[in-house]
Amino acid sequence: MAAIIESGWLYLITHFSDFQLASLGSFFLHESVFFLSGLPFIYLERAGLLSKYKIQTKNNSLAAQEKCITRLLLYHIGVNLPLMIASYPFFRFMGMKSSLPFPSWKVVLSQIIFYFILEDFVFYWGHRILHTKWLYKHVHSVHHEYATPFGLTSEYAHPAEILFLGFATIIGPAITGPHLITLWLWMTLRVLETVEAHCGYHFPWSLSNFLPLYGGADFHDYHHRLLYTKSGNYSSTFVYMDWIFGTDKGYRKLKALKCDGVKEESKQT
C-alpha cells in the first residue's frame, strides 16, 4: 500500500508544481471530500431513510437545501479558493514541502493530534465571541439559519466567519510547516469531522459512542436548536473545553433528564 501511495504521489509532484498542488490541489480535495461526505445526508433526509437515528424530527425544505448548496459553491469559489492561493507563500516560508520521502507516521500522527487540540481550543473561543450580540446578529446568524443542520451546513457561514474561524483550522499547519500529505490528511479529517457534527443523525456507529471526549452530531445539534444566548456547546471536535468552562450545563442536564426518562420507562415495562 505504501508503495502505491508513493507511486501516485511521485506522479503528482512530477506533473504538477508545488503551488498547483498546495492551492488548487487542496481546493479540489476539500470540495471532493466535503460534498461526497455531505450530500448523502440530504438524500437520507429527503428519502426518510434511517429516520430513527435522526436527532430532530423536523426536515429542511428542498428550497432550503438548494439555497445552502448554491451559497456554498459561491463562498468556496469566492472565499476559500482565493484564501488557499494567497496563503501558499506563507506555508512555503514556514517549511511546507511536497517532495519524497514522506515523513514518518509518528511525525504525521503527532502533528495531526496537535492540530486537533489547537484547533478545538482556538475554535472554542472564536465561536464564543461570535455568540456575542453584535457579532451574532451581523455575522454568525447566517450559520444558524439552519436550526436543523445537515452535513453541508457545516460550512454554510458568512464570509467573515469563514475567515475568522478558518484561522483555527490553519494555525496548526501554519506553525509547523508540515509535508503537504500531512496537510491533506488534516484537511480530510477536519472536513469529515465537521460534516459529521452537522449531519443531524446519531448512529450506533457514531464516534461519540466510542470516544468519550468526542462531541459529534448530538453534541453540536443541541447548539443549533437553542437561542444563541443559551446554546453553549461551542467546541468543534471535543467536549472538554465546554465542560471546563461550564458552557455545556444545559446539554448535560437535558441528557440526564432523557436518561432518567429511559430508566423510568424500563421500570414500567
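**Entry 1: helix 8**

I started with R225, which is partly exposed at a relative accessible area of 30%. My cut-offs: buried is under 20% relative accessible area, exposed is over 50%, and partly exposed is in between, with a 1.4 Å probe and protein chains only. Before going on, I note that this is a predicted model, where local features need pLDDT of at least 70, side-chain atom pairs count only at pLDDT 80 or more, and totals for chains, interfaces and linings use all residues. Residues are numbered from 1 along each chain as its sequence is written, and side-chain values use heavy atoms, with hydrogens and water left out.

What does R225 meet in a salt bridge? I found D221, at 2.9 Å from N to O. The term stands for a side-chain nitrogen of Lys or Arg within 4 Å of a carboxyl oxygen of Asp or Glu. D221 is buried, at 1% relative accessible area. Helices here are DSSP runs (H or I, at least four residues; strands are E, at least two), numbered from the N terminus.

**Entry 2: other salt bridges**

I count eight salt bridges in the structure. E119 pairs with R190, and their closest N and O atoms are 2.9 Å apart. That pair links distant parts of the chain: E119 sits in helix 4 (residues 105-130) and R190 in helix 7, 71 residues apart. Both E119 and R190 are buried.

I also looked at E45 and K54, whose side chains form a salt bridge at 3.7 Å, N to O. E45 is buried at 6% relative accessibility, and K54 is buried too, at 15%.

**Entry 3: nonpolar cores**

Which residues have the most contacts inside the largest nonpolar core? They are F34, F41, C68, L72 and L152, in a core of 21 residues. By core I mean a set of buried Ala, Val, Leu, Ile, Met, Phe, Trp, Tyr and Cys residues joined through side-chain atoms within 4.5 Å. Helix 2 (18-47), helix 3 (62-93) and helix 7 each give at least two residues to this core. Helix 2 has the largest share, with six.

I then listed what L152 touches, counting heavy atoms within 4.5 Å as contact. Setting aside neighbours within four places in sequence, L152 contacts F34, F35, G38, L39, I42, C68, I69 and L72.

**Entry 4: a surface patch**

Y43, L49, L50, W205, L207, F210 and L211 make a nonpolar surface patch of about 750 Å². Patches take residues with over 30% relative accessible area and no salt bridge, joining like charges within 9 Å and nonpolar side chains (Val, Leu, Ile, Met, Phe, Trp, Tyr) within 5 Å. The areas come from the Shrake-Rupley method with a 1.4 Å probe, and for residues only the protein chains shown count as cover. Is F210 buried or exposed? F210 is exposed, at 56%, and I place it in the loop between helix 7 (180-197) and helix 8 (216-225).

L50 lies in the loop between helix 2 and helix 3 and is partly exposed at 38%.

N233 is not a glycine either, yet has a positive phi of about 50°. I find N233 in the loop between helix 8 and helix 9 (240-244), buried at 0%.

Last, a cis peptide bond joins L100 and P101, with omega about 5°. P101 is in the loop between helix 3 and helix 4.
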